[in-house]
Amino acid sequence: MIVTAEEERDFIKNYLGPAFQNNSINTRIIVYDHNCDRPDYPMTILSDADAAKYVDGSAYHLYAGDINALSTVHNAYPNKNLYFTEQWTGGNESFSSNLMWHIKNVIIGTVINWGCAAIEWNLASDPNFAPHTNGGCNECKGALTITDNVTRNASYYIIAHAAKFVPAGSVRIASTNISGLTSVAFKTPQGKKVLIALNEGISATSFNIQYQNRSAFITLAPKAAATYVW
């Protein structure tokens, strides 16, 4: 199934958008929903005012391209939302490599590039990565593996670093990085500050969390992520 950017633009402009408007449908229209290697695709739609007026934003995966493509689209169309809607962890991939890559790109990378949602694929599976539709992914590992017991996998912890501490309505605030350390910070609706930090190095990294006139000295283990709240 291939839909070109021009076809999607014209479908939204001439059919879907007017149908939503005429029937008072408030469901958001989110375009593209594919890899970060083609930011030109959503921008083709957003550059057309008659189509863009119906569009809430665009959605992305990262099986190709670079997460910084989200900033390319944001810089061109800052009034449109950006969503990261899918990235799977493989059944034959290691917990540590998945944790590192996904925290860096899906959690931190999405948000520092103006994304407002970060979604992992998929929620739950059995030990054979089922159920799925015929032709579907046969090695997409669930955040949970369901048997007689429940096993928490990499995606569970990837999402938990943000989901447990960054509630809906939180906003990103500035954070600075040192060599080998990647981070993103938030202010929650309750006024708490949240910092998610990733140490990509092969040795422990020490740093200070400084806020206003106070600081906390932190040591983060190699190839580890941590979430700090104050």
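Colleague: Hi! Which residue forms a salt bridge with arginine 9?

Modeller: Aspartate 10 does, and the closest N and O atoms of the pair are 2.9 Å apart. A salt bridge here is a side-chain nitrogen of Lys or Arg within 4 Å of a carboxyl oxygen of Asp or Glu. This is a predicted model, where local features need pLDDT of at least 70 and side-chain atom pairs count only at pLDDT 80 or more, while totals for chains, interfaces and linings use all residues. Residues are numbered from 1 along each chain as its sequence is written, and side-chain values use heavy atoms, with hydrogens and water left out.

Colleague: Good to know. How many salt bridges are there by that rule?

Modeller: Five. Arg9, Asp10, Lys13 and Asp48 are linked in a network of them.

Colleague: Where do lysine 13 and aspartate 10 sit relative to each other?

Modeller: They are three residues apart in helix α1 (residues 5–22), so about one helical turn separates them. Helices (H or I, at least four residues) and strands (E, at least two) are DSSP runs, numbered from the N terminus. The salt bridge between lysine 13 and aspartate 10 spans 3.9 Å, N to O.

Colleague: And what about aspartate 48 and lysine 13?

Modeller: Their side chains also meet in a salt bridge, at 2.9 Å from N to O. Aspartate 48 lies in the loop between α2 (40–46) and α3 (49–52), and lysine 13 is in helix α1, so this pair ties together parts that are 35 residues apart in sequence.

Colleague: Is aspartate 48 buried or exposed?

Modeller: Buried, with a relative accessible area of 15%. Buried means under 20% relative accessible area, exposed over 50%, and partly exposed in between (1.4 Å probe, protein chains only). Lysine 13, at 21%, counts as partly exposed, and aspartate 10 is partly exposed too, at 27%.

Colleague: Switching to strands: what is the order in the open sheet of four?

Modeller: It runs β9-β10-β11-β14, with antiparallel pairing. β9 (171–173) and β14 (224–229) stand at the edges with a single partner strand each, so one side of each has no neighbour in the sheet. Two strands pair if DSSP finds at least two bridges between them.

Colleague: How many bridges join β11 and β14?

Modeller: Six, with β11 covering residues 193–199. Leucine 198 stands opposite alanine 225 in β14.

Colleague: Last one! Which residue takes a positive phi in the hairpin of β12 and β13?

Modeller: Glutamine 212, with a phi near 55 degrees; the hairpin has two residues between its strands. β12 (residues 205–211) and β13 (residues 214–220) pair in the antiparallel sense over seven bridges, and glutamine 210 stands opposite serine 215 in β13.
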